[in-house]
Amino acid sequence: MASWSFMLKGELQMKYVKKVFALLLCACMLTACSGKETQIPVKESQPVSQSTAIESESQVPAESESQVPAESTEKGEVGSTVPESTDESTKIEEDKAQDAEVKEEEETMPEKLVALTFDDGPNTTIMVEILDILKEEDVKATFYLIGNNINFTTEDVVKRAFEEGHELGNHSQSHDFMDKMDAETLKQEIELVQKKVENLVGVRPATFRPPYIAINQLMHDTIDLPFIVGVDSKDWDPNATGQDRYNNVISGAQDGAIFLLHCFPGNTETVKVLPAIIKELREQGYGFVTVSELIEIQGVTYEPHDGQRFSVLEKQN
């Protein structure tokens with residue numbers, strides 16, 4: 001009886017152990033399942049399907065292909081965005097286009113050329129009116145400026161003349177008789193104007209017109225610029241009518257002529273007659289250029305201090 005009781009007790013204990021073991025096993029499986037379920041949201045929040053990856057790649061190439069490593073670009077290796085050969089080809093094409101443009105201008109340039117020049121500027125009255133006429137007529141001219149007239153009230157007029165394609169020349173600082181000055185004063189008279197013009201437009205005047213056309217050998221020995229005289233219209237004379245000025249210009253017209261006119265305040269008769277002068281010269285087949293352009297086109301050479309004075313620039317063969 002004791003033996004049977006002992007066996008029964010042992011059997012009950014085994015059953016109990018099996019139940020505990022089964023419960024533990026279930027608990028472990030539940031825990032494992034629970035762990036997997038907590039990982040699922042993380043995976044679902046960052047899905048990368050094959051279709052999504054393909055779509056993303058289709059949106060990237062334009063940007064990724066344009067990004068070339070610095071080392072590769074510098075060495076001109078495959079992938080360089082601007083090959084050296086392309087730069088050279090572009091430059092060659094640009095040079096050809098520029099040459100063609102210059103050739104076209106030369107072919108359309110009238111055979112006879114003259115230069116209109118205006119002394120005694122700048123100012124905000126007559127010079128502005130003359131600039132308006134030249135702009136309307138599409139004519140380029142040369143303005144010989146007095147240094148004392150260049151100030152804060154006239155700076156914009158100087159800049160406008162330059163920006164519209166006109167040439168700026170040197171007419172001395174004081175517009176005094178330079179044939180009565182010593183060498184040092186002559187240098188100052190010229191250099192002051194050179195600096196003023198350069199400070200305003202970045203270019204120094206290339207030619208010089210002596211005030212009153214008063215010239216001596218010391219001036220030639222001291223001043224490096226070409227001396228431009230010109231065909232006198234006599235518009236400096238208050239008694240000269242508009243018709244007189246017109247006649248003086250037209251009668252002096254010839255290929256290479258440089259006309260001497262003025263743009264000082266009050267010179268209204270020149271303003272009135274200027275459109276008629278331009279029209280008549282055009283009808284006679286003349287084209288208009290600046291003094292420096294005329295010197296270049298006519299092939300005239302100049303050596304400083306050689307004593308030359310230019311009024312008509314004959315074409316050199």
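Of the contacts in the protein with a separation of 6 or more, 75% are between residues 24 or more positions apart, a contact being defined by heavy atoms within 4.5 Å. The structure is a predicted model, in which local features need pLDDT of at least 70 and side-chain atom pairs count only at pLDDT 80 or more, while totals for chains, interfaces and linings use all residues. Residues are numbered from 1 along each chain as its sequence is written, and side-chain values use heavy atoms, with hydrogens and water left out.

The protein contains 12 helices and 8 strands, taken as DSSP runs (helices H or I, at least four residues; strands E, at least two) and numbered from the N terminus. Of its 317 residues, 34% are buried, that is, under 20% relative accessible area with a 1.4 Å probe and protein chains only.

Confidence is expressed as pLDDT, the predictor's score for each residue from 0 to 100. The protein has an average pLDDT of 81, and 70% of the residues score at least 70. Among the elements, β2 has the highest mean pLDDT (99) and helix α2 (residues 50-59) the lowest (40). Residues 33-80 have a pLDDT below 50, and this stretch makes 8 contacts in the model beyond near neighbours in sequence. Residues 1-10 stay under 50 and have 0 contacts beyond four places in sequence. Where pLDDT is low, the predicted coordinates should not be read in detail.

Strand β2 (residues 142-145) is covered on both faces, with T142 and Y144 buried on one side and F143 and L145 buried on the other. In a regular strand the side chains alternate between the two faces of the sheet. Strand β2 pairs in the parallel sense with β1 (residues 112-121) over 4 bridges, where pairing requires at least two bridges found by DSSP; L145 is the bridge partner of G121. Strands β2 and β3 also run parallel, joined by 4 bridges, and Y144 is partnered there by G169. Helix α6 (residues 126-137) forms a right-handed β-α-β unit with β1 and β2, and helix α7 (residues 155-163) forms a right-handed unit with β2 and β3. Right-handed denotes a clockwise path from the first strand over the helix to the second, with the strands pointing away from the viewer.

H175 is located in the loop between β3 (167-170) and α8 (183-201). This histidine is buried, with a relative accessible area of 16%. Beyond its neighbours within four places in sequence, H175 contacts D120, I146, E189, P211 and Y212.

Technical notes:
Buried < 20%, exposed > 50% of the residue type's maximum accessible area, 1.4 Å probe, protein only.
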